[in-house]
Each structure stands twice: as C-alpha cells, then as structure tokens.
Amino acid sequence: MTKDGRHDALVERLLAGDRTALARAITLVESTRADHRIHAEAVIEQVLPAAGKSIRLGISGAPGVGKSTFIEAFGMRLIGKGHKVAVLAVDPSSRLTHGSILGDKTRMEELSRAKDAFIRPSPAGGTLGGVARRTREAITLCEAAGFDFILVETVGVGQSETAVADMVDLFCLLLQPAAGDELQGIKKGIVELAELILVTKGDGELLPVAERTAADYRAALRLLRHLSAAWTPEVIVVSGLTGKGLDGAYDAIRRHHELLEANGEFAARRAAQAEAALRADFGTALLDLVKRRPDVAETIPQVEQQVRAGKITPAAGVRRLLDIILGPRDR
C-alpha cells in the first residue's frame with residue numbers, strides 16, 4: 001500500500017465504519033515491516049481526531065472463568081442498547097506459528113455475526129511491549145471506525161493484565177464462584193487493578209455459591225487501596241447464560257465513566273496513559289535502532305551466551321553493551 005488514492009481510500013472507508021477496512025488497518029499496525037509501520041502511523045495520524053470517544057474496558061480472568069461467554073452476552077446487551085462493540089483479545093501465541101491460539105471468533109459466534117460488533121485477536125508473539133503498542137493503536141482505529149465500547153480481553157495470567165490496565169478506563173476482573181486457593185498467587189495483584197469485579201456463572205446450583213463469593217470479595221475490597229478516591233470498586237454476580245447482572249454491570253460502568261469524567265480523573269488517566277505509551281514506544285524504538293548497528297548486533301548474542309552460562313551478571317552485560325554504544329564511560 002502506498003500513500004496515494006488507495007491509502008486515502010482505506011482511511012475514508014475506516015472512518016465510514018467499514019469493518020473490512022478496520023481489519024486491514026489493524027493488520028497494518030501489527031506488521032513488523034518498516035514500510036508498513038510508516039503507513040500505519042500515517043493512517044493513525046489521519047484518523048486520530050475521530051478517536052478517543054469510547055469507553056475502554058479491560059476484561060480479565062483465569063482460564064475457564066467464562067470470559068468468552070460473558071463478553072458475548074454483554075456485547076449483545078450493549079448492541080441492544082445502541083452501542084457498537086469492538087473486542088480486542090490479547091491471545092497467547094503458538095510457539096510454532098506465532099499465531100493466536102484462542103480463536104475468539106469461534107467462541108463468540110453470535111457476537112461475531114452482529115453488524116455492530118468487531119472481534120480481533122492479537123497474538124502475543126512473546127513480546128508484551130509489542131502487544132501493548134499494537135493494542136493501543138488498534139483501540140484508536142476501532143474508535144475512529146465508530147465503536148464506542150472497546151473490550152480488551154486478556155489471557156488472565158501474567159503481566160499482560162498490567163499492560164492492559166494501563167490502556168483502559170476501567171479494568172474488570174471476572175472470578176469463578178468458590179475458585180479455591182489455587183488462584184491466590186495471582187489474585188491479589190489483579191484484584192488491586194480491578195474497579196469492577198464480576199462473579200460469573202451465577203445461575204442454577206452455583207447461584208448461592210456465587211453470591212457468597214461476591215460477599216467475600218466486597219468485604220476483602222475494604223482492606224485494599226483503591227485506584228480512585230472517588231470510586232469504590234463494585235462486585236456483581238453475573239451469568240452469561242441467563243443475563244443476570246448484565247444490566248447492573250452496564251450501569252456500574254456508566255456510573256464509573258460519568259464520575260471520573262466529572263471530577264477530571266478520566267482526562268488525567270488518558271493523559272497519563274498517553275505519556276506512558278510515549279516512553280514505552282521510545283524505549284522500544286531506541287532498542288530497535290541500536291540493534292541495527294553491526295557491532296551491537298554481533299555483540300548481543302555473545303553477551304547473552306555469557307549471561308546464560310553464568311560467566312557475567314546481566315548488569316555487567318548491560319554495561320558492556322552500553323560501552324559499545326556510547327563508548328567507555330566513567331564508572
């Protein structure tokens with residue numbers, strides 16, 4: 001694609017809400033080719049004035065909690081209320097093909113067919129920073145295409161939760177009824193990020209258990225420091241099968257948005273996230289730049305081998321690389 005009529009046509013179709021054009025634009029921003037990156041940045045710059053008007057939700061939860069079931073039911077409920085919904089799923093990647101392996105479209109059949117919905121998996125590819133950058137850009141493109149609810153789904157384990165929490169307006173954690181102690185190792189850190197906790201599978205025989213779990217978390221949240229002084233995290237029992245709690249979750253999200261917008265926190269968060277993205281992208285770009293130097297590219301594998309063998313410390317390896325890049329410096 002060149003910056004000509006075809007380039008302008010992509011932007012025009014994207015701004016008109018064309019989902020095929022949106023998919024093509026996201027493919028462009030996900031590409032690692034230098035010429036694609038240039039064109040992707042040009043597209044984003046052109047559509048940026050039309051972006052920024054959505055509510056951005058981070059959706060997380062351990063595997064098996066029912067994220068896809070909830071997202072499909074909630075997404076259809078949002079569409080029923082007149083919204084346009086984009087789902088960006090940060091998937092784990094196949095080590096063999098580096099492709100996305102969760103297959104969200106096959107798990108959200110009804111939502112994927114809805115004309116006011118867009119579902120896109122983003123394979124992690126082993127580089128969390130790259131996922132964060134591509135997901136931020138994908139959010140911008142979805143907003144420019146007219147989607148006013150952006151749901152960013154994470155795998156549910158690992159550092160992707162922190163990365164996603166730093167690019168959304170509200171981080172929502174899904175929990176199973178009586179999940180047990182096996183999640184304690186990851187639960188507290190994620191709970192501290194969450195401003196809305198949804199206890200899933202609140203139907204049938206599990207409903208009483210879900211209600212008790214919700215009560216336990218409401219009590220536990222009183223002991224944690226909240227992200228906002230103006231908002232107390234809420235806990236709601238939901239069911240993707242019966243629709244229980246979906247309207248309550250929607251109302252909580254709207255109240256959170258309106259409250260933070262009224263007291264200035266919404267704009268402050270978005271600004272802080274943009275600044276953090278600038279710093280992260282600068283670090284990535286700087287690393288890519290220095291790695292293109294032949295002397296650095298030749299030395300990196302040697303230093304990595306010495307670190308793996310325990311011959312030098314990582315800090316010593318960093319100093320050696322910096323000496324090559326910047327020249328010997330005073331210690």
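**View 1. The second largest pocket of this predicted model has a lining of 13 nonpolar, one polar and two charged residues.** The space inside comes to about 340 Å³. Of the 16 lining residues, Leu287, Ile300, Val318, Leu321 and Ile325 sit closest to the pocket's centre.

**View 2. The largest pocket has a volume of about 1200 Å³.** Here 37 residues make up the lining, and those closest to the centre are Arg37, Arg133, Arg136, Glu137 and Asp281. Helix 2 (19-30), helix 3 (34-47), helix 7 (128-144) and helix 12 (265-291) are the elements that give two or more residues to this lining. Helix 12 turns up again, this time with the largest share, 11 residues. Sorted by class, the lining splits into 13 nonpolar, nine polar and 15 charged residues.

**View 3. The second largest cavity holds about 40 Å³ of space.** Searching the whole structure turns up three cavities of 30 Å³ or more. Around the second largest cavity you'll find Val191, Glu192, Ala194, Leu221, Leu224, Arg225, His226, Leu227 and Pro233. By class, that makes six nonpolar, one polar and two charged residues.

**View 4. Residues 94-103 have pLDDT under 50.** In the model, this stretch has 18 contacts beyond four places in sequence. Residues 181-186 also have pLDDT below 50, with three contacts beyond near neighbours in sequence. For the chain, the mean pLDDT is 86, and 84% of the residues reach 70 or more.

Conventions
Residues numbered from 1 in each chain as written. Predicted model: local features only at pLDDT ≥ 70, side-chain atom pairs only at ≥ 80, totals over all residues. Heavy atoms only, no water. pLDDT = per-residue confidence, 0-100. Contact = heavy atoms within 4.5 Å. 1 Å grid on protein atoms, 1.4 Å probe; cavity = no way out; pocket = protein on both sides within 12 Å on 5 of 7 lines; lining within 4 Å. Points joined across faces, edges and corners; volume = space filled by probe spheres on them. Nonpolar A, V, L, I, M, F, W, Y, C, P; charged D, E, K, R; others polar. Helix = DSSP H or I, 4+ residues; strand = E, 2+ residues; numbered from the N terminus.
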